[in-house]
Amino acid sequence: MTYKNPQKFDLKIRLYNQEKSFGKGVYELMKKAQSFGSLSGAYKDMKMSNSKAWKILKRAEEDLDMPLVERISGGKDGGGSKLTQEGEELLEKYEKFIQEMNEYAKIRFKEIFEDE
């Protein structure tokens, strides 16, 4: 049997203080909430339940000790959700961190697994 080096890799990066609370799922939920202007639109688009969406957000907010999403009460224009300033900053930093880690990982992956 001939050994062949792996051709691809995937990084799983989560941010947390005590519990692994902020990763790809919460990130995607927040990005979609930002785009849709509502958490409802985000979790429906992700085919996620309302309770799960709020549960994972609440867990991340508690662990990171910062508000991520702000509820906007209804009214004549309807309600919605928007990211807090802390939430927006966290998304920006997470995106930058993921991008830099992926770039570094690609270099190291090539150095370690490239056929000689």
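Here is a friendly conversation about how some descriptions of this predicted model are reached.

User: Why is glycine 79 called exposed?

Analyst: Glycine 79 has a relative accessible area of 52%. The cut-off for exposed is over 50%, so glycine 79 counts as exposed. You will find glycine 79 in the loop between β1 and β2 (80–83).

User: Why is glycine 25 called partly exposed?

Analyst: Its relative accessibility is 33%. Buried means under 20% and exposed means over 50%, with partly exposed in between, so glycine 25 falls into that middle class. Glycine 25 is part of helix α1. Glycine 25 and leucine 83 are 58 residues apart in sequence and 15 Å apart in space, C-alpha to C-alpha.

User: What makes α1 roughly perpendicular to α3?

Analyst: Let's start with a general idea. Two packed helices are described by the angle between their axes and the distance between the axes. Here α1 and α3 pack at about 110°, and their axes are 10 Å apart. Angles of 65 to 115 degrees count as roughly perpendicular, so that is the term for α1 and α3.

User: Which residues meet where α1 and α3 pack?

Analyst: From α1 come Val26, Leu29 and Met30, and they meet Ala53, Ile56, Leu57 and Ala60 in α3. The residues of this contact divide into seven nonpolar, no polar and no charged.

User: How do you know that the span of α3 is close to the expected one?

Analyst: α3 has 15 residues, and from its first C-alpha to its last it reaches 21 Å. The expected span is 1.5 Å times one less than the number of residues, which gives 21 Å for α3. The reach of α3 is therefore close to the expected value.

User: What about α4, how far does it reach?

Analyst: α4 has 29 residues and reaches 41 Å between its first and last C-alpha, close to the 42 Å expected at 1.5 Å a residue. The buried residues of α4 are Gly87, Leu90, Leu91, Tyr94, Ala105 and Phe109, and they pack against α1, α3 and β2.

User: Which residues of α3 are buried, and what do they pack against?

Analyst: The buried residues of α3 are Ala53, Ile56, Leu57, Ala60, Glu61, Asp63 and Leu64. They pack against α1, α2, β1 (69–72) and α4.

User: Which residues touch the most other members of the largest nonpolar core?

Analyst: The core has 21 residues, and Phe22, Val26, Leu29, Met30, Leu39, Leu57 and Leu68 touch the most other members. At least two core residues come from each of α1 (24–36), α2 (39–45), α3 (50–64) and α4 (85–113). Leaving out residues up to four places away in sequence, Leucine 68 touches Met30, Leu57, Ala60, Glu61, Lys82, Leu83, Thr84, Gly87 and Leu90.

User: What is the phi of lysine 47, and what is the phi of aspartate 65?

Analyst: Here is the background. Most residues other than glycine have a negative phi. Phi of lysine 47 is near 55°, a positive value in a residue other than glycine. Phi of aspartate 65 is also positive, near 55°. Lysine 47 is in the loop between α2 and α3, while aspartate 65 is in the loop between α3 and β1.

User: Why are lysine 47 and aspartate 65 called exposed?

Analyst: Lysine 47 has a relative accessible area of 77%, and aspartate 65 has 68%. Exposed means over 50%, so lysine 47 counts as exposed, and so does aspartate 65.

Key
Residues are numbered from 1 along each chain as its sequence is written. This is a predicted model: local features need pLDDT of at least 70, side-chain atom pairs count only at pLDDT 80 or more; totals for chains, interfaces and linings use all residues. Side-chain values use heavy atoms; hydrogens and water are left out. A nonpolar core is a set of buried Ala, Val, Leu, Ile, Met, Phe, Trp, Tyr and Cys residues joined through side-chain atoms within 4.5 Å. Buried means under 20% relative accessible area, exposed over 50%, partly exposed in between (1.4 Å probe, protein chains only). Helices (H or I, at least four residues) and strands (E, at least two) are DSSP runs, numbered from the N terminus. Contact means heavy atoms within 4.5 Å. Axes are lines fitted to C-alpha atoms, for helices over the stretch in contact, and angles run from 0 to 180 degrees between N-to-C directions. Angles under 35 degrees count as roughly parallel, over 145 as roughly antiparallel, 65 to 115 as roughly perpendicular and the rest as oblique. Ala, Val, Leu, Ile, Met, Phe, Trp, Tyr, Cys and Pro count as nonpolar, Asp, Glu, Lys and Arg as charged, and the others, Gly among them, as polar.
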